[in-house]
Amino acid sequence: MRALLCTALLSLTLASSVYSDTDSTASAPVNAAETELGDQNRVFASRGSNITLPCRLHRRHGMSFGRMGIRIKWTKLSADESLEEDVLVSMGFHKKSYGSFLGRVRLLEADDDDASLHINDVSLDDMGKFRCEVIDGMDDVIHEVTLEVQGVVFPYSPRLGRYNLNFHHAEQACLDQDSVVASFDQLYKAWRSGLDWCNAGWLNDGSVQYPITNPRQACGGVNSGAGLRSYGQRDKSKSRYDVFCFTSAVNGHFYWLVQPDKLTFNEAAQACQDDGAEIAKVGQMYAAWKLNGYDRCDSGWLADGSVRYPISRPRRNCSPTEAAVRFVGFPDKKQKLFGVYCFKGQQ
């Protein structure tokens, strides 16, 4: 018997050209509706947690002869599902894990029919669809389950300005900001939560899209309707766009470093180091703001040389209309006009 189950993903985010927590009433694009299905086949986790992906062998003949002779294989599918990465293979007493999962995964083995996979220290790279194959010669099973890490989507462009990243540079840009390239499902859920952004960005399947909740002439026209606007698959080496990144909660402390004077970028980085921390990354600010409600009406340096500040309680002179991470820009690093946000990881 083969059971093949559909999957879905979830992500959190915001609205307007900056982000807010308002809900969107826009209708869903037709090709995105499938992401609402299959709640029973997704598992939610937070970064750094331990989780179990379920998989069971349902024996039609009603008899169990133990685990000897049963082959269990867990793989992880690539974003476009064209490739499979080995996670764990088990045959009787012989078990082997692979790659980034080495030493972090094991079979739960609650009983003879249990092939569930337990993962320690979940990372952003673990997100995605997993496939469990159980072969015993009589009641073979193929089961798919999606692991979703709860977090936030944010658009990103580097100091050079918009549309300067090919796909590989986009991957590195997100990684440098403590995040990964977002998936279509994560961007879709972000749009459903109100994300509106007029610059097209890479997604992890190699497509380029952008979310519009308020149709307007400058962003595809007023008659196109709200939804995810797609440029389709683009050349990963030659095409250049922005990128949508995804990050999650981190184990550590994000904070504003109180200083008597304004700082240059180099002084800001050194000040965090002197405090036993490091200058914070853009993804860490978004995670602290969205997931922890961090609020500070002071512009501060971040690791990429940008200056931003997070507002979770809108007020006059501090993002008066919406909760948002405000972007000041990429100023001259020698300017002594700003403070600094630091991050201190847990040991």
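In the predicted model, six strands build an open sheet: the 6 strands follow the order E1-E9-E8-E3-E4-E5, and their pairing is mixed. Strand E1 (42-45) and strand E5 (94-97) stand at the edges. Each has a single partner strand, so one side of each is left without a neighbour in the sheet. From one strand to the next, the twist averages 20°. Strand E4 (residues 84-91) pairs with E5 in the antiparallel sense, over 4 bridges. Within this pairing, Ser90 has Lys95 of E5 as its bridge partner.

A second pairing involves strand E10 (residues 151-156) and strand E15 (residues 242-248). The two strands are antiparallel and share 6 bridges. Tyr156 is bridged to Val243 in E15. Strand E10 is largely enclosed by the rest of the structure, because 6 of its 6 residues are buried.

Helix H2 (residues 184-192) is also largely enclosed, since 8 of its 9 residues are buried. Among them are Phe184, Leu187, Tyr188 and Trp191. The buried residues also include Asp185 and Lys189. The cover over the buried residues of H2 includes strand E9 (141-149), E10, strand E13 (207-212), strand E14 (227-233) and E15. Gly194 follows H2 and has a positive phi, near 120°.

The whole structure holds 5 disulfides. In sequence order, the bonded cysteines pair as 1-2, 3-6, 4-5, 7-10 and 8-9. Cys174 lies in helix H1 (residues 167-176) and Cys245 in strand E15, so the bond ties together parts that are 71 residues apart in sequence. The torsion about this S-S bond of Cys174 and Cys245 is about -85°, so the disulfide is left-handed. Cys174 counts as buried at 0% relative accessibility, and Cys245 counts as buried at 1%.

Cys198 and Cys219 form another disulfide, with sulfur atoms 1.8 Å apart. Cys198 sits in the loop between H2 and strand E12 (201-202), and Cys219 in the loop between E13 and E14, 21 residues apart. The torsion of about -125° makes this disulfide of Cys198 and Cys219 left-handed. Cys198 is partly exposed, at 24% relative accessibility, whereas Cys219 is buried, at 4%.

Cys297 and Cys318 are also joined, their sulfur atoms 1.8 Å apart. Cys297 lies in the loop between helix H4 (282-292) and strand E18 (300-301). Cys318 lies in the loop between strand E19 (307-311) and strand E20 (324-329). The torsion about the S-S bond of Cys297 and Cys318 is about -95°, so this disulfide is left-handed. Cys297 is partly exposed, at 29%, and Cys318 is buried, at 7%.

Terms used. Residues numbered from 1 in each chain as written. Predicted model: local features only at pLDDT ≥ 70, side-chain atom pairs only at ≥ 80, totals over all residues. Heavy atoms only, no water. Pairing = 2+ DSSP bridges. Axes fitted to C-alpha atoms, helices over the stretch in contact; angles between N-to-C directions. Buried < 20%, exposed > 50% of the residue type's maximum accessible area, 1.4 Å probe, protein only. Contact = heavy atoms within 4.5 Å. Disulfide = S-S within 2.5 Å.
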